[in-house]
Amino acid sequence: SRGREAENAATLYAVHTGVAVLSYKGALHCKTSNINIETDATTYPKTGILLGRSTTASAGHHNFEFIRMQGLFSEAAIYSIASEVNTWSDLYVWLLGGGAKHVLYASTADDLSVDSLVTSTNVNSTFISAYFLSSVNDANSSAIYLDTAESMGSWNFFSAYLIVYSGAYIWLNCTNGDTRSIGPYNFIGCSFERITGGDPIYGYRVTADTNPHNIN
């Protein structure tokens with residue numbers, strides 16, 4: 001099955017092993033709407049949409065709406081590193097595999113070494129009507145992975161529909177030595193479903209060194 005393509009949308013078909021289909025590295029105040037992204041079945045990039053900092057200067061304040069993405073990636077479908085105050089709405093992403101374990105991966109640092117992104121704060125991102133699917137058969141996979149830290153918080157998901165084959169629907173990780181996560185991480189009106197034949201292990205998975213997280 002396929003997600004419905006946005007009307008009057010541009011379609012980007014990626015056949016390369018580069019960093020990303022769309023890169024917002026170092027960018028500020030971009031608006032992206034009505035985009036369909038697909039990848040080749042054998043030759044595909046590290047990530048579909050990349051957000052992050054090229055210097056210590058702020059990056060982010062983006063608005064994404066009516067984005068459809070389906071394909072394979074080697075690291076993550078969406079990779080957001082220290083890119084702040086972003087808003088996403090009407091988002092459909094289906095991760096088919098390729099080595100990536102997470103549909104959305106967010107952190108303060110370039111943990112997966114995707115593009116030499118600069119470590120910094122990562123706060124205030126909002127997702128409205130996000131539809132994330134993962135066909136990945138891995139116990140350490142997830143639809144949403146947030147690598148939390150003291151300088152990462154206020155991540156909000158409203159009416160997200162998360163469908164996975166294995167692993168976790170939502171994974172909050174804080175085993176990086178910075179245990180003072182500011183939070184909050186809000187998941188309001190979110191629904192879960194397993195892909196037929198799959199057997200997810202976790203609904204919410206929380207891994208931490210010591211201090212508990214603020215989960216609403």
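Where is His-29 found? Hold that question while the whole chain is on screen.

**Before selecting**

This is a predicted model, in which local features need pLDDT of at least 70, side-chain atom pairs count only at pLDDT 80 or more, and totals for chains, interfaces and linings use all residues. Residues are numbered from 1 along each chain as its sequence is written, and side-chain values use heavy atoms, with hydrogens and water left out.

**Whole chain**

Show the cartoon. The protein has 16 strands and zero helices. Its radius of gyration is 16 Å, close to the 17 Å that the globule rule gives for 216 residues, so the protein is as compact as a globular protein of that length. That radius is taken over C-alpha atoms, and the rule is 2.2 Å times the number of residues to the power 0.38. Helices (H or I, at least four residues) and strands (E, at least two) are DSSP runs, numbered from the N terminus.

Draw a box along the principal axes: the C-alpha atoms fill roughly 45 × 45 × 30 Å. The accessible area is about 8,800 Å², with 47% belonging to carbon and sulfur atoms. Areas come from the Shrake-Rupley method with a 1.4 Å probe; for residues, only the protein chains shown count as cover.

Colour by burial. Buried residues make up 53% of the 216. Buried means under 20% relative accessible area, exposed over 50%, and partly exposed in between (1.4 Å probe, protein chains only). Now draw contacts (heavy atoms within 4.5 Å). Among those between residues at least 6 apart in sequence, 87% join residues at least 24 apart.

**Stop 1**

Select His-29. It is found in the loop between β2 (20–25) and β3. His-29 counts as exposed because its relative accessibility is 58%. Check its backbone: phi is positive, about 55 degrees, although His-29 is not a glycine.

Go on to Asn-34, in strand β3. Asn-34 also has a positive phi of about 55 degrees without being a glycine. Most residues other than glycine have a negative phi. At 27% relative accessibility, Asn-34 counts as partly exposed.

**Stop 2: Asp-40**

Select Asp-40, in the loop between β3 and β4. Is Asp-40 buried or exposed? It is buried, because its relative accessible area is 16%.

Show its side chain. A polar contact of 3.5 Å joins it to the side chain of Tyr-13. Such a contact is a pair of N or O atoms within 3.5 Å; within protein, one must be able to donate a hydrogen and the other to accept it, and residues adjacent in sequence count only if both atoms are side-chain atoms. A polar atom of the Asp-40 side chain also lies 2.9 Å from the backbone nitrogen of Thr-43. Not counting residues up to four places away in sequence, Asp-40 touches Tyr-13, Ala-14, Val-15 and Leu-72.

**Stop 3: Pro-45**

Stay in the loop between β3 (31–39) and β4 (47–52), and select Pro-45. It is buried, with a relative accessible area of 1%. Beyond four places in sequence, Pro-45 touches several residues, including Ala-14, His-16, Val-19, Thr-39 and Leu-72. Phe-73 is another residue that Pro-45 touches. The two are 28 residues apart in sequence, yet 5.6 Å apart in space, C-alpha to C-alpha.

**Stop 4: Ile-188**

Finish at Ile-188, in strand β14 (residues 185–188). Ile-188 counts as partly exposed, at 45% relative accessibility.
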